Amino acid sequence: MLLRDQCPFARLGITFMTLVLLGGLAASAGHMYNQHENRDGQAGLTTTDLQGVYHGVRSPAPLLRALERGHPEAQDDANRQLLLDWLKGDRVSQDYDSLELGDLAPAEIIATDCLSCHGRNSGNAIADEFPLDYWTDINQIAVSRDVNPLDPKILMASTHTHAISLGVLALVTGLLMMMTRYHRCVSGTLIAIAGIGLA
């Protein structure tokens with residue numbers, strides 16, 4: 001039994017039902033984006049955001065990651081260690097330009113070691129994306145964040161509705177695909193991918 005052999009009204013109804021399902025999937029993607037984006041402090045929905053929702057994750061500061069990668073290469077080891085200790089501590093904002101630290105304050109080290117490339121007046125293109133002149137610039141990339149997972153009760157409520165609805169959606173879509181002229185291997189492969197992916 002093929003879809004093309006069905007009454008035109010049945011095919012029309014199935015077409016509109018499929019469009020409604022596609023609209024629902026688009027709305028679900030939008031909801032996921034709005035609900036979970038920026039959990040890691042970075043704009044947009046990232047894999048860290050999604051990992052954090054279900055498992056929790058520590059999102060290290062981008063500046064910390066850059067220093068641990070050895071950037072900038074020419075930086076003095078002692079200055080690098082001072083910046084690493086500062087970023088791993090719990091006084092990131094307080095100690096940034098601390099008068100008590102004098103020349104060892106992170107602001108002074110960054111001005112000496114980083115602004116030749118990351119300063120707005122450096123003429124370097126990287127400064128447009130990652131300027132480091134002021135605390136407002138540094139603050140966006142200097143703070144590590146803990147992304148906490150959802151409460152297990154909320155996750156259970158979400159899972160029980162999504163498992164049922166997505167399972168039924170995949171089943172109906174698979175049955176409809178089997179009623180088309182697609183080669184059985186193509187439709188079978190897609191159905192297997194959908195089933196295994198959902199599991």
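Rings of Phe, Tyr and Trp, the last taken by its six-membered ring, pair if their centres lie within 6.5 Å. The legends below describe a predicted model.

**View 1. Ring pairs link W86, Y96 and W135 into a cluster.** Two aromatic pairs are found when the whole structure is searched. One joins W86 to Y96, and Y96 also pairs with W135.

**View 2. The pair of W86 and Y96 is tilted, because the ring planes stand at 35°, and planes count as stacked under 30 degrees and as edge-to-face over 60.** The ring centres are 6.1 Å apart. W86 belongs to helix α4 (residues 77-88), and Y96 to the loop between α5 (92-95) and α6 (106-113). Ten residues separate the two, and the pair links distant parts of the chain. W86 counts as buried, with 7% relative accessibility. Y96 is likewise buried, at 8%.

**View 3. Y96 and W135 form a tilted pair.** Here the centres lie 5.0 Å apart and the planes meet at 40°. Y96 sits in the loop between α5 and α6, whereas W135 is part of helix α9 (residues 135-142). This pair, too, links distant parts of the chain, with its residues 39 apart.

**View 4. W135 is partly exposed.** Its relative accessibility is 26%, and the residue is therefore not buried, a term that requires a value under 20%. Its ring partner Y96 is buried at 8% relative accessibility.

Key: Residues numbered from 1 in each chain as written. Predicted model: local features only at pLDDT ≥ 70, side-chain atom pairs only at ≥ 80, totals over all residues. Heavy atoms only, no water. Helix = DSSP H or I, 4+ residues; strand = E, 2+ residues; numbered from the N terminus. Buried < 20%, exposed > 50% of the residue type's maximum accessible area, 1.4 Å probe, protein only.
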